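My plan is to jot down each thing as I look it up.

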Amino acid sequence: MKKLVALLAGEAEHLDTVISCLLDYSFPIDSNAAELWQFLSADPALGGQVMENLVVRLQSHHSSEHQASHTSAAATCALYEMISVSKSRDATTRLYPQLLMALLVEIHFSLGQSIPGDKVSGRESSWQSLHTSSAVEAIKMLLLCVGCRSELTVMEKEQGWILLQSPQDHLRGVSLLARAMVHYACPETTRMLLELVIPLLDRGDKKHRLTMMAFFVELLRYEEAKKLPHPDTLDRLEEWTKHPSPVFRSLGLRGLSILATQPGKVRPQVRSAAIMLFTELLNTVKRRQKPLLREEVTRSLVPLLLHLQDEDPDVGKRCQKALAGCFQLLGWSCPKQINSKKAWHTHPRVVDKICQHSVLKLKSVSDILLQCLDHLQSPQAPIRRAAAILIGCTVQSSEPAMVRQEKELILQSLSGLQQDPDSSVRVSVSRAIQQVRDGGRNQSRQTLGARFRNLFCCLTGQEERENAPDRDLLGGPDLSQSHRWDSGGP
């Protein structure tokens with residue numbers, strides 16, 4: 001029987017008919033159907049043709065239908081069985097981007113068969129759950145087959161598979177997977193995913209588009225994304241922020257946030273334009289929309305604060321306006337220190353005020369520190385310096401238990417900058433390392449004023465008695481005038 005099916009499928013004129021017949025008996029899949037798909041996959045040449053046919057069927061279905069079907073569910077199960085065969089690895093690797101996107105969209109389609117709150121029969125609910133879990137298992141098998149073990153670990157650790165199967169959190173699961181891929185996947189794979197996703201952003205069903213959009217905005221973190229025509233990207237994101245759907249608007253805001261705050265990933269003109277659009281959107285948000293955007297706004301605070309020290313003065317000024325909009329949306333008073341042109345490494349009290357007023361209001365100290373670590377790799381010396389200073393200030397103002405888990409990672413990352421070509425970065429990093437090793441506010445009985453006077457001495461290279469007057473407050477020379485952010489950069 002298996003050999004006969006394989007012989008028929010091997011004839012080009014019969015391939016489509018054979019696959020259609022097999023799909024009729026492949027959901028829910030039984031051992032006989034599973035064995036047939038696996039047998040077809042054992043022949044590398046034939047298996048590649050069959051898998052490609054199944055992917056095209058799913059893509060066609062997603063472009064023309066509004067919900068999943070028995071056929072698309074069967075195709076998902078068939079792909080799982082074929083991917084699981086070791087001899088299909090070459091074909092699976094070749095089709096990896098198309099397989100991944102088709103299966104992700106299929107999950108979204110399966111979740112859309114019923115609206116939360118609708119009355120669904122037990123049989124329909126069971127069918128939907130089986131379909132969704134089949135698609136998730138197929139993605140797991142796909143990642144395992146192509147060697148994406150780190151991505152699998154992230155999804156397991158962060159409950160990504162649960163998110164993917166939730167109607168409310170599906171797009172969060174898509175975003176998590178995309179972020180993991182940008183971080184771990186080889187550049188060639190990420191580039192292929194980007195090239196595949198972009199043409200699909202404006203096609204197909206709304207579910208199709210949303211999945212592609214959620215994936216695309218995270219790919220903006222990828223180095224190659226900066227080569228995209230930035231007017232097209234910004235225009236697209238701006239269009240999404242004006243869409244009637246709050247989900248579209250949220251994804252548009254997410255994309256702008258990534259372009260505006262990613263360390264060193266985009267040209268200065270793009271960052272400045274993205275921050276401007278980000279600010280404009282904040283100023284037009286209606287009260288009932290604010291809860292949807294609070295998470296994204298909160299996530300953007302630390303990068304915007306760091307880019308107050310940007311070499312480009314236009315970027316710094318636009319960060320000031322963006323932060324004012326963020327504080328207004330969050331219902332927080334705006335600290336006047338965000339409008340200061342003073343350099344943080346010569347005026348540590350500015351950083352302290354910002355840290356106490358804003359940064360420590362955020363729920364997760366870990367998130368603050370990890371965002372700062374990203375910016376330690378910025379090509380701009382003022383941003384690297386600002387990230388080190390904010391790390392030290394945050395740790396010094398936090399309970400030791402709140403930073404214990406990330407302590408070794410922070411120290412390792414800071415140590416890598418001890419040979420930085422910029423002397424002010426090296427000094428700021430050394431002070432931050434000392435603060436992290438001290439372990440937080442319970443490790444020292446110094447007053448805040450004394451701690452920051454010492455910080456001032458360390459950063460400026462001056463020796464000063466503990467009770468010496470604060471030169472900044474008493475009208476001494478304004479060292480910020482020599483800071484590159486204030487002078488407009490090199």
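Here are my entries, from the whole chain down to single residues.

**Ground rules**

I am working with a predicted model, where local features need pLDDT of at least 70, side-chain atom pairs count only at pLDDT 80 or more, and totals for chains, interfaces and linings use all residues. Residues are numbered from 1 along each chain as its sequence is written, and side-chain values use heavy atoms, with hydrogens and water left out.

**The whole chain**

I looked up the helices and strands first, which are DSSP runs numbered from the N terminus (helices are H or I with at least four residues, strands are E with at least two). The chain has 26 helices and zero strands.

Next I checked burial, where buried means under 20% relative accessible area, exposed over 50%, and partly exposed in between, using a 1.4 Å probe and protein chains only. Of the 490 residues, 54% count as buried.

The chain exposes about 22,600 Å², and carbon and sulfur atoms supply 50% of that. These areas come from the Shrake-Rupley method with a 1.4 Å probe; for residues, only the protein chains shown count as cover.

Then I looked at contacts, meaning heavy atoms within 4.5 Å. Taking contacts between residues at least 6 apart in sequence, 71% join residues at least 24 apart.

**Cysteines**

How many disulfides does the rule find? I got zero, with a disulfide taken as a pair of cysteine sulfur atoms within 2.5 Å. For C355, the closest cysteine sulfur is in C393 at 3.3 Å, so that pair is too far apart for a bond. C372 is in no disulfide either, and its nearest cysteine sulfur, that of C355, is 9.0 Å away. I noted that C355 is buried at 0% relative accessible area, and C372 is buried at 0% too.

**Helix 9 against helix 11**

A reminder to myself: two packed helices are described by the angle between their axes and the distance between the axes. Helix 9 (residues 149–157) and helix 11 (residues 170–184) have axes that come within 9 Å and cross at roughly 145°. The axes are lines fitted to C-alpha atoms over the stretch in contact, and angles run from 0 to 180 degrees between N-to-C directions.

Which residues meet here? From helix 9 I listed S150, E151, V154 and M155, and from helix 11 G173, L176, L177, A180, M181 and Y184.

M155 is buried, at 0% relative accessible area. Its C-alpha atom is separated by 6.7 Å from that of L177, 22 residues apart along the chain. Not counting residues up to four places away, M155 touches G160, W161, L164, G173, L176 and L177.

**Loops**

Most residues other than glycine have a negative phi, and most peptide bonds are trans. I found exceptions to write down. The peptide bond from F27 to P28 is cis, with omega near -10°, and P28 sits in the loop between helix 2 (12–23) and helix 3 (31–41). Q159 has a positive phi, near 60°, in the loop between helix 9 and helix 10 (160–164).

Last, is I338 buried or exposed? I338 counts as buried, at 1% relative accessibility, and lies in the loop between helix 18 (313–330) and helix 19 (348–357). Leaving aside neighbours within four places, I338 is in contact with L305, L308, Q320, L323, A324, F327 and I354. I338 and L308 are 30 residues apart in sequence and 7.4 Å apart in space, C-alpha to C-alpha.
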